[in-house]
Amino acid sequence: MDCFIRQIYIRLLGISANIRKSTTWFYLMTMRMVTKLVVYMKHVDLGNLKVSRLAMGCANIGQAYAGRRPLDEGEAIDLIEYAIEHGINLFDTAPSYGDSERILGKALRLHPGVFRATKVDLCDRKWRDKLRKSQDHLGGVDILQVHNATEMSVPLVGEIAGDWLIGASVYDPSIAKTLACSSKFQVLQVPFNLLDQRFAKLFALARRQKVALILRSPLLQGMLTQRAKSSQIHRKVVDDLRAKFGKTWRNLPSFAIRFALDQRKVVLGSFGDITELRLALAAETISRIDTTFREAVMPTHDVACSDAQVIDPRLW
């Protein structure tokens, strides 16, 4: 049955690609039908939202990010459309990401079932004006996160209450613990990948506190891809990791994303082009890493790196 459905999916994609040239409306309706009939992306509960396990970060839309040039508007919209066609329904952005919110909002106008996450800087005296602009650009907000939250964010978070989930993006595990225990946040966005596993101890606490987690940077801003070849800081560390698990440069990204997906959380990745996105989507088709292996790569094992210079992009 799976094979049969997959063939229907491929045929419909081929038909819709030809129709796209002449009839945009019919193409969009066909793609909507395809995504309803055939959804390979698994979904999880994030508060009261049902979101795809793989979410798309939009930091590289409208600005240079992670050593990559910014995508232009056409490239960005094509990438977003491709993600939606393949089951991704959560997109994360921020006012500080250049033109990202405007471009994302433009791309999502014909996709009412897609969720929008953005951020607010409560230290900025103009944050209310910027939030209104974010809402206008995006056509609505489903998750509003305090950007780079600290302990000082806790007493202020009541000011951003609204018809959205309240969240925070966090860089420090001790701050994440404070926020999770505050009962003020429904979602926390934290970095987590093969090398940076500092937040692993937060998982059980977040579950007890009923706080959903979004795991960002599964590829360590490109350092778990071929881009690590040109990094003096990361090359040896990543070479050691590849040797340990028998991974080539080609299959390392999918392996890294599969590791993040195996934590049963939403995984947020930024993708420079459709090729990178395809590698991420391929991770959904890879078999789960067995329990013994997953335990072997948790923070107590030497694959997790404690060197801040390696795992914290702010220090690069």
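Modeller: Buried means under 20% relative accessible area, exposed over 50%, and partly exposed in between, with a 1.4 Å probe and protein chains only. This is a predicted model, in which local features need pLDDT of at least 70, side-chain atom pairs count only at pLDDT 80 or more, and totals for chains, interfaces and linings use all residues. Residues are numbered from 1 along each chain as its sequence is written, and side-chain values use heavy atoms, with hydrogens and water left out.

Biologist: Is Leu220 buried or exposed?

Modeller: Leu220 sits in the loop between strand E9 (212–216) and helix H8 (235–245); helices (H or I, at least four residues) and strands (E, at least two) are DSSP runs, numbered from the N terminus. Its phi is positive, about 50°, although Leu220 is not a glycine. Most residues other than glycine have a negative phi. Because the relative accessible area of Leu220 is 1%, the residue counts as buried.

Biologist: What is the phi of Ser183?

Modeller: Ser183 is in the loop between helix H6 (173–180) and strand E8 (187–191). The relative accessibility of Ser183 is 65%, so this residue counts as exposed. Ser183 is not a glycine, yet its phi is positive, at about 65°.

Biologist: How many of the residues of strand E5 are buried?

Modeller: Strand E5 covers residues 115–120. Phe115, Ala117 and Lys119 point one way from E5, while Arg116, Thr118 and Val120 point the other way, and all are buried. E5 is therefore largely enclosed by the rest of the structure, its buried residues being six of the six.

Biologist: Which residue in E5 is the bridge partner of Phe91?

Modeller: Strand E4 (residues 90–92) and E5 run parallel, joined by three bridges; two strands pair if DSSP finds at least two bridges between them. The bridge partner of Phe91 in E5 is Arg116.

Biologist: Through which helix does the chain cross from E4 to E5?

Modeller: This β-α-β crossover is right-handed: with the strands pointing away from the viewer, the path from the first strand over the helix to the second runs clockwise. The chain goes from E4 to E5 through residues 100–107, which form helix H4.

Biologist: Which residue in E6 is the bridge partner of Thr118?

Modeller: E5 also runs parallel to strand E6 (residues 143–146), with four bridges joining them. E5, helix H5 (residues 127–138) and E6 make a right-handed β-α-β unit. In E6, Thr118 has as its bridge partner Leu144.

Biologist: Which residue in E7 is the bridge partner of Val146?

Modeller: Ile143 and Gln145 point one way from E6, and Leu144 and Val146 the other way, all of them buried. E6 pairs in the parallel sense with strand E7 (residues 165–169) over four bridges. The E7 bridge partner of Val146 is Ala168.

Biologist: How many salt bridges does a search of the whole structure find?

Modeller: A salt bridge is a side-chain nitrogen of Lys or Arg within 4 Å of a carboxyl oxygen of Asp or Glu. Glu73, Asp99, Arg102 and Lys106 are linked in a network of them. Asp124 forms one with Lys130, the closest N and O atoms being 2.5 Å apart. For the whole structure the number found is 16.

Biologist: With which residue does Arg128 form a salt bridge?

Modeller: The closest N and O atoms of this pair are 2.7 Å apart. Arg128 is in helix H5 and its partner in the loop between E6 and E7, 31 residues apart, so the pair links distant parts of the chain. At 42% relative accessibility, Arg128 counts as partly exposed.

Biologist: How far apart are the closest N and O atoms of Arg258 and Asp262?

Modeller: Arg258 counts as buried at 3% relative accessibility, and Asp262 counts as buried at 1%. The two residues form a salt bridge, and the closest N and O atoms lie apart by 2.9 Å.

Biologist: How many disulfides does the structure hold?

Modeller: A disulfide is a pair of cysteine sulfur atoms within 2.5 Å. Cys58 is buried, with a relative accessible area of 0%, whereas Cys181 counts as partly exposed at 40%. The number of disulfides in the structure is zero.
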